Amino acid sequence: MTNYYKAARIAVASFALAGLTACANMAQVAPGTPPLVLSGAGVRTRFMFDVYAIGLYLPARAPSAEAAISAPGRKRVAMQMLRDVEAPEFVEALRSSLRRNHDEAAMRKLQPSIAQLEAQVGGGTVEKGTR
């Protein structure tokens with residue numbers, strides 16, 4: 001990979017993550033509560049294309065994934081699409097990813113949230129910029 005290509009990907013990722021960080025309503029869980037802080041972030045890439053940026057917001061930065069998962073209190077995951085994706089393809093990719101990281105009991109608990117997301121995105125396209 002050339003240095004130019006790496007620099008371009010870093011610039012795109014930085015811009016996307018800056019959008020997540022700057023968005024105050026992503027960090028605010030409920031009116032009147034202290035905002036959460038960005039504890040981790042990344043960009044999902046598929047076949048060399050940046051698909052979405054994702055950020056994990058917690059009451060305080062966590063030093064590890066285990067600490068973030070086990071931390072009590074409010075948590076929020078925020079995503080921003082970096083390209084257009086067909087909604088059914090997006091939902092199935094999410095399900096597939098969750099299946100690789102969760103057992104059946106955990107997947108049953110997640111099913112209402114997955115169904116809610118599926119209803120929100122509908123059968124069309126999840127467009128670039130969607131949060």
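In the predicted model, Phe-47 counts as exposed, because its relative accessibility of 66% lies over the 50% limit. Phe-47 is found in the loop between strand 1 and strand 2, where Met-48 also has its place, and Met-48 is likewise exposed, at 63% relative accessibility.

Among the contacts with a separation of 6 or more, 57% are accounted for by residues 24 or more positions apart.

On strand 1, which comprises residues 37-46, lies Ser-39, a residue that counts as buried because its relative accessibility is 13%, where the limit for burial is under 20%. When residues up to four places away in sequence are left aside, Ser-39 touches Leu-56, Leu-58, Ala-60, Arg-61 and Ala-62. With Ala-62 there is also a polar contact, in which a polar atom of the Ser-39 side chain lies 2.8 Å from the backbone nitrogen of Ala-62.

A search of the whole structure finds one aromatic pair. The partners are Tyr-52 and Phe-90, whose rings are edge-to-face, with 6.5 Å from centre to centre and 85° between the planes. This pair links distant parts of the chain, given that Tyr-52 belongs to strand 2 (residues 49-58) and Phe-90 to helix 4, 38 residues apart. Both partners are buried: Tyr-52 has a relative accessibility of 19%, and Phe-90 has a relative accessible area of 9%.

Helix 4 also holds Arg-95, which counts as buried at 17% relative accessibility. Not counting residues up to four places away in sequence, Arg-95 touches Met-107, Gln-111, Ile-114 and Glu-118. Of these, Met-107 and Ile-114 are among the buried residues of helix 5, which also include Val-121. The buried residues of helix 5 pack against helix 4 (87-101) and against strand 5 (125-126).

Helix 5 itself runs over residues 104-121, and its 18 residues should span 26 Å at 1.5 Å a residue, so the separation of 24 Å between its end C-alpha atoms agrees with expectation. Along its course, helix 5 bends by about 45° at Leu-110, and a proline, Pro-112, follows within four residues. The N-terminal end of helix 5 is capped by Asp-103, a side-chain oxygen of which lies 3.3 Å from the backbone nitrogen of Ala-105. After helix 5 comes Gly-122, whose phi is positive, near 65°.

Terms used. Residues are numbered from 1 along each chain as its sequence is written. This is a predicted model: local features need pLDDT of at least 70, side-chain atom pairs count only at pLDDT 80 or more; totals for chains, interfaces and linings use all residues. Side-chain values use heavy atoms; hydrogens and water are left out. Helices (H or I, at least four residues) and strands (E, at least two) are DSSP runs, numbered from the N terminus. Buried means under 20% relative accessible area, exposed over 50%, partly exposed in between (1.4 Å probe, protein chains only). A polar contact is a pair of N or O atoms within 3.5 Å; within protein, one must be able to donate a hydrogen and the other to accept it, and residues adjacent in sequence count only if both atoms are side-chain atoms. Contact means heavy atoms within 4.5 Å. The expected span of a helix is 1.5 Å times one less than its number of residues. The bend at a residue is the angle between axes fitted to the seven residues ending there and the seven starting there. Rings of Phe, Tyr and Trp (its six-membered ring) pair if their centres lie within 6.5 Å; planes under 30 degrees apart count as stacked, over 60 as edge-to-face and the rest as tilted.
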